[in-house]
Amino acid sequence: MSLHYLPAIVLIITVLLSLTSLSLKRHHGIAYLICGGGLLLTMLSLFMQIGKTGTTSELFVFDAITPFLSLILLIVVSMIWVQLYQWLEALDERKEEYYLLLLLATLGSLIMVASNHFTSFFLGLELMSLSFVGLVAYSGREFKGQEAGVKYLILSAVASALMLMGMAILYLQYGTLSFNDLSMQGASGTLPSWVTVTGIIFILGGMFFKLSLVPCHLWVADLFEGAPLATSALLATLSKLAAFVVLWRIFSLGEWHTHAVIVDIVAAVAIASMLVGNFLGLLQNNLLRLLAYSSIAHFGYLLIILLLAASPTTAFLTSTFSTEAVVFYLVAYLFTLVGVFSVLMQMPQIKTQQDLTGLFWHKPTLAITLALLMLSLAGIPLTIGFMGKFYLVMTAVNHQMWWLLSALVIGSVIGLFYYLRVIMMMIKAPDGESDFSGLTMTTNGQLLNYLIIFLVIGFGTFPAAFSQLIETLSRG
Amino acid sequence: MISIHWLLFLSLALFSIGVYGVVARRNLLFILLSLEIMLNAVVLLFIAGSSFHGNPDGQIMYLLILTLAASEVAVGLGLVIHMYRQHHTLDVDKLSQLRG
């Protein structure tokens with residue numbers, strides 16, 4: 001038993017502990033602390049693995065980049081955890097189970113990120129999605145929460161059925177479920193090659209549901225609006241990051257990009273997601289729906305990276321550059337998004353853009369934090385979001401993907417408009433209708449705001465240290 | 001022995017019936033049943049692949065998918081009961097509070 005399984009084992013023990021304490025005595029504080037302690041220990045054990053030599057087993061792969069991505073996941077979850085206590089206290093439900101489901105979802109995403117076999121991928125995915133159904137439908141007495149729960153259940157079940165169908169077809173074709181074996185298989189299968197293409201399309205379809213890319217994006221805004229706020233934050237970060245990492249890993253398997261149909265489909269989905277996501281965001285007044293549409297667009301941008309394998313490389317960038325671009329973009333986007341959600345969790349009564357009118361004159365720290373985060377989402381220089389986008393554009397230019405680049409530019413310009421509108425609302429003179437008297441600033445929240453400002457501006461202005469770290473890891 | 005093509009087509013046909021059920025049915029209970037049909041189509045294909053290639057991976061996947069189907073239905077029925085208590089109907093079209 002190597003050290004690599006330690007984080008998962010620590011999480012499992014934490015789950016068991018919190019389950020035991022829950023059944024003995026309900027106490028919100030204890031559940032909160034157990035959850036936090038478990039997350040902290042898991043982070044420590046992951047931190048020890050960074051820079052160590054990796055190992056690959058039949059079911060899991062622990063290369064240089066896996067522990068880093070897992071650590072990022074854990075940091076995101078902990079940033080949400082910091083605010084959970086106050087947020088759950090205000091919620092009129094039983095509170096302790098939320099931590100249990102949160103830990104299980106985290107465990108599922110850790111398994112997914114490290115998976116090297118369709119079986120482990122499938123188990124991690126289901127552990128995560130079933131926990132998420134509970135998290136989404138947590139405040140089931142509200143109609144909205146219930147509706148979002150039912151929608152998420154159907155959506156995730158259809159997505160996993162599609163992915164399973166794809167796996168079954170690939171299994172019939174090649175007789176193996178392991179990523180390693182699949183990447184070694186050539187074009188020789190038991191059935192003609194259209195069967196392989198069908199299987200890949202099924203898997204991609206399921207993934208597009210999970211990442212809510214364009215043809216499969218219909219319910220994502222409903223989910224973000226209806227689910228409890230902390231769950232929306234987790235849905236936008238945890239579940240999407242894990243799904244994207246797996247998609248990215250399996251897309252480089254075998255020779256998927258030699259099938260022209262697959263490349264066309266992914267390119268079309270990427271362009272459609274960038275344009276449709278940003279257009280729909282433009283029409284939104286509700287902040288959470290706006291974030292949902294912006295996340296569609298952002299994952300559209302990320303899909304560009306998937307296509308890089310298909311086009312010939314030119315000489316002036318190293319071969320690991322696309323890995324660096326993916327990791328940098330994901331990290332930048334996740335930190336920004338978790339920042340936005342934690343600001344929103346500090347002011348739970350604010351739902352629409354009008355509610356924000358004049359926030360700057362009442363709570364300057366909150367307003368400045370939110371404004372910086374919006375700039376980062378839009379990709380304005382000196383924020384971390386700009387560096388992520390810079391990496392992405394540089395890689396795409398290097399591979400001469402002009403169609404995708406023009407969609408990216410048009411999408412970003414449209415996006416700029418609605419991100420800036422949020423900032424405009426906040427610095428308008430207060431109209432007396434918005435009531436911010438209910439907003440109480442907690443020390444936790446204040447500290448978190450400063451941390452977010454530090455991360456977004458610090459890494460945006462001085463990205464060198466961070467990008468060097470990622471570079472060493474992806475060479476690893 | 002039956003040709004592997006027939007099994008593939010049978011499974012895809014079952015899967016399409018399931019997809020049609022999910023899209024067309026309005027009753028939550030029937031949507032859950034259709035999801036089961038989809039999963040069973042997948043299971044059939046896994047078993048076929050397992051016996052065709054002579055390795056046990058597919059049968060293990062069958063056991064795992066069986067577990068998934070059971071837990072999904074457990075969660076789903078929980079939501080069904082909750083929904084029936086509040087709305088006294090299982091029509092998913094009634095769930096339309098969230099509109100942008």
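Tutor: A polar contact is a pair of N or O atoms within 3.5 Å, where within protein one must be able to donate a hydrogen and the other to accept it, and residues adjacent in sequence count only if both atoms are side-chain atoms. This is a predicted model, in which local features need pLDDT of at least 70 and side-chain atom pairs count only at pLDDT 80 or more, while totals for chains, interfaces and linings use all residues. Residues are numbered from 1 along each chain as its sequence is written, and side-chain values use heavy atoms, with hydrogens and water left out.

Student: How many residue pairs are in polar contact between chain A and chain B?

Tutor: Nine residue pairs, both residues at pLDDT 80 or more, are in polar contact between chain A and chain B.

Student: What makes the count of salt bridges between chain A and chain B what it is?

Tutor: A salt bridge needs a side-chain nitrogen of Lys or Arg within 4 Å of a carboxyl oxygen of Asp or Glu, and across the interface of chain A and chain B that rule finds zero.

Student: Why are helix 10 and helix 13 of chain A called roughly antiparallel?

Tutor: Helix 10 (residues 229-251) and helix 13 (residues 321-346) of chain A pack at an angle of about 170°, with their axes 9 Å apart. Angles over 145 degrees count as roughly antiparallel, and the two helices of chain A are therefore roughly antiparallel to each other.

Student: Which residues of helix 10 and helix 13 of chain A meet?

Tutor: Among them are A:Leu241 and A:Phe244 in helix 10 and A:Leu334 and A:Phe341 in helix 13 of chain A.

Note on methods
Chains are lettered from A and ligands numbered from 1 in the order in which they are written. Axes are lines fitted to C-alpha atoms, for helices over the stretch in contact, and angles run from 0 to 180 degrees between N-to-C directions. Helices (H or I, at least four residues) and strands (E, at least two) are DSSP runs, numbered from the N terminus. Angles under 35 degrees count as roughly parallel, over 145 as roughly antiparallel, 65 to 115 as roughly perpendicular and the rest as oblique. Contact means heavy atoms within 4.5 Å.
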